[in-house]
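Please look at the charged side chains of the model below. The paragraphs that follow take up the salt bridges and then a patch of surface charge.

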Amino acid sequence: MRLAPAIRRIAVAGALALAGLAAATPGPAGAAQGAFVPGHLLATGRMIAAPAVLGDGRVLLTGGFGYSGILASNEIYQPGSGAWVHAEPLVSPRFGHTATTLFDGRVLVAGGANLTAKYLDSSEIYDPATGSWTISGAMTTPRAFATATLMLDGRVLVAGGRNLTAHALASAEVFDPGTGAWTRVASMQGARYHYTSALLEDGRVLVAGGYDAHDVQVASAEVFDPRTNAWSSAGHMRTARANHTETRLAGGRVLVAGGGDRPTGFVDSTEIYDPATNAWSAGPRMATARGFATATPLPSGRVLLAGGYGNDGDLASAELFDPRTGRWSSVGPMATPRGQAAAALLPDGRVLIAGGQRYTGAFLQSTEVFDPNRTARLGPTGLQVSPARVRGQRRITLTYRAPDAGSTVIRIQRARSGGGWVRLPERIVHADSAGRNRVLVALTRGARRFTPGSYRLVVARPSAGTAAVTVAFTIAA
C-alpha cells in the first residue's frame, strides 16, 4: 500500500504545525518546566507492553508480561478522561512483540514470544472501527525483541531479534498492508536483538547497537534502503550499547542515548548520527546513566527521556534534550521509579508513561502523564558515593548537584534481612551551593562502626517539597 498524496500532505502539515510550537520557558531557580502528574491505574500490571497511538489520539497498550505470565489482554487510554478501558484481547498472548499504527489507522502486532508457541511468527491486526482483532499473514521467521519501522510507502520493516534456532537474527522482512503478506528482504550485515531503529527523512531505516549472537553489546550501525533492498554500513558508535533509545531529531539527525544492562552497568553517554555524513559524533552526557528508559520526541523538538534502570536501581528521574542548544535539562521526577515502561505522545503534546517494572521485579499498574507546561520543584540529582564498597574506613563521600542554594537533609538506612529498610538516627543537614556539592558522611556511632551490610543514603530537600532520592553503598565485613 502506498501513502495517498492527500494523506501525505496532511501528515506533513501536521508535523510542521507541531514543530512550530515554542519550547516552554524555563522556571525559576530550583524549578523545572515540565512535571509528571499521576494517572489512572491499569487493570493489569505489565512490562514490555507495546503501545500504539490510534488515529483519534487514544493509546492502545498490547500484551506484555505481568504477574499472571505472558498477557493477551489489552487496554486503551482515553486522553480526555484519563481513564483506561478494556479492549478485546490478542488472539495470541505475547511479549517482546511490536505494535505499529498503519497509515489506514489499523494496528499491526507482530512476533514476540509466549509459553505455548515459544517464539512467534504470527501477526494480527486491530481495527479501531470494529474494536476487533484478525489474524494476518505469518512472518517468514519467528522472532522477538526486534523492531518494526513504518516506512514512507506504508510498508513495515521488521528486522533482527532472536528465536529458538538463532540467538540473534540478521534476517529482515517487510509487511504489505495491501496484501497482508510478509516478504523476506535482504538480511542485515550483523545479527542483533535489543537494538533500536529510526526512520530517516529520506526513507531509509537506521538500526544501531544491540546484542550480537554471543550476547555482547555492539557499536555497529547500518542503514536499510527500501529502494535498492540493501543494507549498508552506518559506521560505529563510540560506545557499544544495547537497551538504549534512538530518536530522530528535527532536521534529520538521530539521537542515541544511554543503554547497558545490570551485570555490565549502565552508561550516561549519548551520540548523534548525521545521515549527511554517515558518521557519529559524541553528544552531551545525561545527568544519570540509564537503560531500558523511554524516549519521546515532543512537539517543541525536544526529546523526553524518562525512567529506566540505573547503576543504583530503578529511576524516577527524567531529562529533556534540546537539539537547538545541545543540552540536557532535568524535569520533575515521576512519582514511581520504573523501567521497561510504555510511552506515547498524546495529541495535546503531553506524554503518557504506563506500566513497567521495578528493579526488584514488581509489575506496575500505575501510569503518569508528563505535562511540559507544568512547573516542578527540583531536588538533588546525580548522586554518587565514594567508595561504594567500604572496608576499614570510617566515612564515605557523597556528591550531588543541587538546583540552587538551600538545605539538603541526608539520612542513612540499613537493609533488613527480610526486605525493606531501617532508618538510622543519623541526620545530616547540608547548606548547598548551586551546582556540585560534596559531603563527608561518617559511618560510626561514637566509638563503634556500623555493622557490615547493605545501606543507602536518602537525600531530600523538604523545604522544596521534592521527592527523596537514594544512592546505595555496602559496608564489607
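A salt bridge is counted where a side-chain nitrogen of Lys or Arg lies within 4 Å of a carboxyl oxygen of Asp or Glu. The model is predicted, so local features need pLDDT of at least 70 and side-chain atom pairs count only at pLDDT 80 or more, while totals for chains, interfaces and linings use all residues. Residues are numbered from 1 along each chain as its sequence is written, and side-chain values use heavy atoms, with hydrogens and water left out.

Across the whole structure, 20 salt bridges are found. One of them joins Arg445 to Glu426, with N and O 2.9 Å apart. Arg445 belongs to strand β43 (residues 444–445) and Glu426 to strand β41 (residues 421–432), so that distant parts of the chain, 19 residues apart, are linked; strands (E, at least two residues) are DSSP runs, numbered from the N terminus. Glu426 is buried because its relative accessibility is 18%, whereas Arg445, at 30%, is partly exposed.

A further salt bridge pairs Arg358 with Asp314, at 2.6 Å from N to O. Arg358 sits in the loop between β35 (351–354) and β36 (367–377), and Asp314 in strand β31 (residues 313–314), so the contact ties together parts that are 44 residues apart in sequence.

Arg285 and Asp268 form another salt bridge, in which the closest N and O atoms are 2.5 Å apart. Both residues lie in loops: Arg285 between β27 (279–282) and β28 (294–297), Asp268 between β25 (265–266) and β26 (270–274), with 17 residues separating the two. Arg285 is exposed, as its relative accessible area is 56%, and Asp268 is partly exposed at 22%.

On the surface, Arg395, Arg401, Arg436 and Arg438 gather in a patch of positive charge. Such a patch takes residues with over 30% relative accessible area and no salt bridge, like charges being joined within 9 Å, and the place of an Arg charge is taken as CZ. Strands β39 (395–402) and β42 (435–442) each supply at least two residues of this patch. Arg436 is placed in β42 and counts as exposed because its relative accessibility is 58%.

Note on methods:
Patch = residues over 30% accessible without salt bridge, like charges linked within 9 Å, V, L, I, M, F, W, Y side chains within 5 Å. Areas by Shrake-Rupley, 256 points an atom, 1.4 Å probe, with all protein chains shown as cover. Lys, Arg positive; Asp, Glu negative; His and termini not counted. Helix = DSSP H or I, 4+ residues; strand = E, 2+ residues; numbered from the N terminus. Buried < 20%, exposed > 50% of the residue type's maximum accessible area, 1.4 Å probe, protein only.
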